[in-house]
Amino acid sequence: MAMNDPLPVGPAAAEWRRQAALVVLSALGVFIASLLDPSVFADGDTNWHVAAGRWMLAHRAVPSVDPFSFTFAGKPWVAHEWGAEVVLALAWLASGWSGVVLITALAAALTFAVIAAEIAPRLGTLCVLGSLGLALAVLWPLLLARPHMIALPLLAFWLARLLRARRAQRAPPLWLAGVMVLWANLHGSYIFGLAFTAVFALEAILDARQAPRSAVIGWGSFGLAAGVAALATPNGLAGLVFPVRVLLLSSLSDILEWRPADFAVPSPFEVALMMALFVFLYRGVRMGALRLALLLLLTHMALQHIRQEAILAVAAPLLIAEPLGRTLEPGRIHMPAVWRAPVREIAAPLAIGALLFVGLGAWRLARPVVRRDSPVAPITALSHVPPALRAQPVFNDYDFGGWLILHGVRVYIDGRADMYGDAFMKNYLAIERDADPGATTQALWRWKIAWTILHPDSKLAARLDQTPGWRRLYADRYAVVHVRTRDPPDLRRPPPGGAARRG
């Protein structure tokens, strides 16, 4: 059967229903898993993202200077994720933490629905489920209530549209550039959208080397429109260069999500990578040079920085679906994709899926999520700090900054490492991790620190236990609070009765 011949009604209808079922099942599975996963709040930045969105809703403005710390108050801050922060805040204001879980789960489900809809026409059912399973395994540790999840469906949609344009041997429609406006105001991952556009534009020009003019004009116009759209943010050019500026920070390696992947202990990422390599090598999967280079570059970035694993998890199944389908199922007839199906052919799976999504969402909202003490939420410890003391300068753990900001405490530091910069981050680490006497004394005097809230295993917390002028106010397995009882001492001098114990 030729690709353009009319398709028999029976096979086409069955194929559309198969694709629709895969889309619904994939999205529903990810949705359920996300709704039930408590680790969605495992990152402390969730808390200050909600606080930032709440601040913007209250002030009806996007901040250009820091409103949350006392160390950098009034200094420039590029709120590059402001749109996603507003979304998270609206969900929180509407339904508390259950709303935040729901919006995160919906974003994850939509991401996998887009991927499934794109790869299902090119792969058999088992291959689709296998590809999505590996993608979910890679993404799972990063499935957090943070702005990158809100933007992830746009990453999937953008790449799917670029691939569709290449299959049709034409430039993407100009309306797609409008998506970049939304994306650029949600999260810095939009820079990948521009990079993907450049790669596929080059591929189109090379494929049309005999008459490249049309490809140059079409893809060039779209690339220019996308670049201009990326500037349509409150931060303008500063927002466009922000992702590059972040990558130049030397202190990134001190932040977990910016560290390289660790294969000392088996991880889902390692398993997924090994399985993909096995299939590619065993079955001899071949793909174009530029797309292979792009896939390898994304893999390198995921190995270099943990947070980039999310980009690879979304992009890889989209990039490999076509070559994988050609290799594993060379005789497969490619039916029209599910988005071209008449509504009557896919109404049943879509209706069932919609009912399940609504029912599960209602269940989640009806059972409020209650945050409990954790390594990023010192709930009980903060409740033991009197309001008058909360208003005074605090030296806090980096991971606690978001929770303090959410509860109206001006912090010493929080997850916005890009704003604080390398010098401040290194000085903070010298104090908190090493309890460096000189750096600690200088900070306590300069900022008139009245109390601290730290992890129990902090070297600084151990040091304060033996320092005159400080006493423990509260301690539990997640946090310890010290309060100053007199002017900050010189920590370079050992306390009376012997040398200070090293933590």
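A cavity here is a set of grid points where a 1.4 Å probe fits but cannot get out, and its lining residues have an atom within 4 Å of a point. The legends below describe close-up views of a predicted model.

**View 1. The largest cavity and its lining.**
Three cavities of 30 Å³ or more turn up in a search of the whole structure. The largest cavity holds about 40 Å³ of space. Its lining consists of Glu 118, Arg 122, Leu 163, Arg 167, Arg 291, Leu 318, Leu 319, Ala 321 and Glu 322. Helix 5 (147–167) and helix 12 (309–328) are the elements that give two or more residues to this lining. Helix 12 gives the most, with four residues. By class, the lining of the largest cavity has four nonpolar residues, no polar ones and five charged ones.

**View 2. The second largest pocket.**
This pocket has a volume of about 770 Å³. The second largest pocket is lined by 32 residues. Nearest its centre lie Ala 272, Ala 276, Leu 277, Phe 280 and Ile 320. At least two lining residues come from each of helix 4 (125–139), helix 10 (268–283), helix 11 (289–304) and helix 12. Helix 10 gives the most, with eleven residues. The lining of the second largest pocket divides into 27 nonpolar, three polar and two charged residues.

**View 3. Strand 4 and its two partners.**
Strand 4 spans residues 480–484. Four of its five residues are buried, so strand 4 is largely enclosed by the rest of the structure. The cut-off for buried is under 20% relative accessible area. Strand 2 (residues 451–454) runs antiparallel to strand 4, and four bridges join them. Ile 453 has Val 481 of strand 4 as its bridge partner. Strand 3 (residues 470–475) also pairs with strand 4 in the antiparallel sense, over five bridges. Here the bridge partner of Arg 471 is Val 483 in strand 4. A hairpin of four residues links strand 3 to strand 4. In a regular strand, side chains alternate between the two faces of the sheet.

**View 4. The largest nonpolar core.**
The largest nonpolar core has 159 residues. Those that touch the most other members are Trp 158, Phe 196, Leu 298, Leu 319, Tyr 412, Trp 451 and Ile 453. Helix 3 (residues 82–119) supplies the largest share of this core, 17 residues.

**View 5. Gln 169, a loop residue with positive phi.**
Most residues other than glycine have a negative phi. Gln 169 has a positive phi, near 55 degrees, and is not a glycine. The residue sits in the loop between helix 5 and helix 6 (176–184). Is Gln 169 buried or exposed? Its relative accessibility is 71%, so Gln 169 counts as exposed.

**View 6. Lys 448, on the way into strand 2.**
Lys 448 lies in the loop between helix 18 (437–447) and strand 2. Its phi is positive, about 50 degrees, although Lys 448 is not a glycine. Lys 448 is exposed, with a relative accessible area of 58%. The cut-off for exposed is over 50%.

Terms used. Residues are numbered from 1 along each chain as its sequence is written. This is a predicted model: local features need pLDDT of at least 70, side-chain atom pairs count only at pLDDT 80 or more; totals for chains, interfaces and linings use all residues. Side-chain values use heavy atoms; hydrogens and water are left out. Buried means under 20% relative accessible area, exposed over 50%, partly exposed in between (1.4 Å probe, protein chains only). Two strands pair if DSSP finds at least two bridges between them. On a 1 Å grid over the protein atoms alone, a cavity is a set of points where a 1.4 Å probe fits but cannot get out, and a pocket is an open set with protein on both sides within 12 Å along at least five of seven lines; lining residues have an atom within 4 Å of a point. Grid points are joined across faces, edges and corners, and a volume is the space filled by probe spheres set on the points. Ala, Val, Leu, Ile, Met, Phe, Trp, Tyr, Cys and Pro count as nonpolar, Asp, Glu, Lys and Arg as charged, and the others, Gly among them, as polar. A nonpolar core is a set of buried Ala, Val, Leu, Ile, Met, Phe, Trp, Tyr and Cys residues joined through side-chain atoms within 4.5 Å.
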